[in-house]
Amino acid sequence: MAEESLQERNERALNATSTNELEKLAEDEDEDVRLRVARNANTPASVLEQLAADENWQVRFNVAENMNTPVSVLEKLAEDDERDIRNYVAKNENTSVSILEKLADDKDDYLRINVAEHKNTSVSVLEKLAEDDYTSVRSGVAGNSNTPSSLLEKLAQDDDLGVRYGVAQNNNTPVSLLEKLGNDEEQAVRYWVAQN
């Protein structure tokens with residue numbers, strides 16, 4: 001029997017549904033094969049946990065992105081030295097409130113934006129991020145559906161157009177606040193008030 005080519009193994013790694021097959025492919029010497037196993041939506045939690053410790057950062061990156069990755073593995077990856085891996089943990093919809101709390105303190109601006117926009121971010125973290133120096137982080141808070149109206153009122157007075165724009169777009173912005181934003185000096189803010 002002829003040995004399977006790298007292309008064939010890559011194809012199997014992306015499309016396999018069998019746990020046994022994915023376990024074997026997760027130990028492949030080629031990092032591209034392991035990367036595709038990490039990306040596969042059928043990869044079981046035990047294999048994703050194994051791949052989360054892979055020496056190749058791109059394999060770990062794909063584990064962080066996989067929607068089947070368990071919270072315990074996301075917790076480990078949230079402490080990875082690679083910024084991109086932490087960023088994908090912050091984007092993963094399964095990321096827990098406690099992980100997001102830790103990531104909210106990260107030095108990386110883009111990571112804090114992802115935390116500010118995440119559906120699981122707690123009100124206390126949103127309040128903290130509403131004070132962030134980076135305007136795009138505050139804008140992420142302004143657009144988050146979890147942001148309470150009291151915080152939206154504060155953000156509606158922000159000097160930055162993007163932050164006020166986020167408040168105007170937020171479906172949870174109270175009508176009284178939308179009426180105030182309807183008089184905003186910036187046309188883009190007024191436009192989104194009208195759309196909301």
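Trainee: Which residues does aspartate 158 touch, not counting residues up to four places away in sequence?

Mentor: Leaving out residues up to four places away in sequence, aspartate 158 touches Arg138, Val163 and Arg164, where a contact means heavy atoms within 4.5 Å. Before going on, keep in mind that this is a predicted model, in which local features need pLDDT of at least 70 and side-chain atom pairs count only at pLDDT 80 or more, while totals for chains, interfaces and linings use all residues. Residues are numbered from 1 along each chain as its sequence is written, and side-chain values use heavy atoms, with hydrogens and water left out.

Now the surroundings. Aspartate 158 sits in the loop between α12 (149-155) and α13 (161-169); the helices here are DSSP runs of H or I, at least four residues, numbered from the N terminus. With a relative accessibility of 14%, aspartate 158 counts as buried (buried is under 20% relative accessible area, exposed is over 50%, and partly exposed is in between, using a 1.4 Å probe and protein chains only). A polar atom of its side chain lies 2.8 Å from the backbone nitrogen of aspartate 160. Aspartate 160 then does something of its own at the start of α13: one of its side-chain oxygens comes within 2.9 Å of the backbone nitrogen of glycine 162.

Follow the chain into α13 and you find Val163, Arg164, Gly166, Val167 and Ala168 buried. Two of those names, Val163 and Arg164, were among the residues that aspartate 158 touches. The buried residues of α13 pack against α11, α12, α14 (175-181) and α15 (187-195).

Next, step across to α11 (residues 135-143), which packs with α9 (residues 109-117) at about 10°, the axes being 7 Å apart. The axes are lines fitted to C-alpha atoms, for helices over the stretch in contact, and the angles run from 0 to 180 degrees between N-to-C directions. α9 and α11 are therefore roughly parallel (under 35 degrees; over 145 is roughly antiparallel, 65 to 115 roughly perpendicular, the rest oblique). On the α9 side the contact uses Asp109, Arg112, Ile113, Ala116 and Glu117, and on the α11 side Ser136, Val137, Gly140 and Val141. Sorted by class, that contact has 4 nonpolar, 2 polar and 3 charged residues; Ala, Val, Leu, Ile, Met, Phe, Trp, Tyr, Cys and Pro count as nonpolar, Asp, Glu, Lys and Arg as charged, and the others, Gly among them, as polar.

Aspartate 109, in α9, is worth a stop. Aspartate 109 is partly exposed, with 27% relative accessible area, and it touches Tyr134 and Val137, not counting residues up to four places away in sequence. Its side chain also makes a polar contact of 2.7 Å with the side chain of arginine 112 (a polar contact is a pair of N or O atoms within 3.5 Å; within protein, one must be able to donate a hydrogen and the other to accept it, and residues adjacent in sequence count only if both atoms are side-chain atoms). In α9, Leu111, Arg112, Ile113, Asn114, Val115 and Ala116 are buried, and what covers the buried residues includes α7, α8 (97-103), α10 (123-129) and α11.

On to α7 (residues 83-91): its axis and that of α9 come within 8 Å and cross at roughly 10°. That makes α7 roughly parallel to α9. Here Arg83, Arg86, Asn87, Ala90 and Lys91 of α7 meet Tyr110, Leu111, Asn114 and Val115 of α9.

Technical notes: Helix = DSSP H or I, 4+ residues; strand = E, 2+ residues; numbered from the N terminus.
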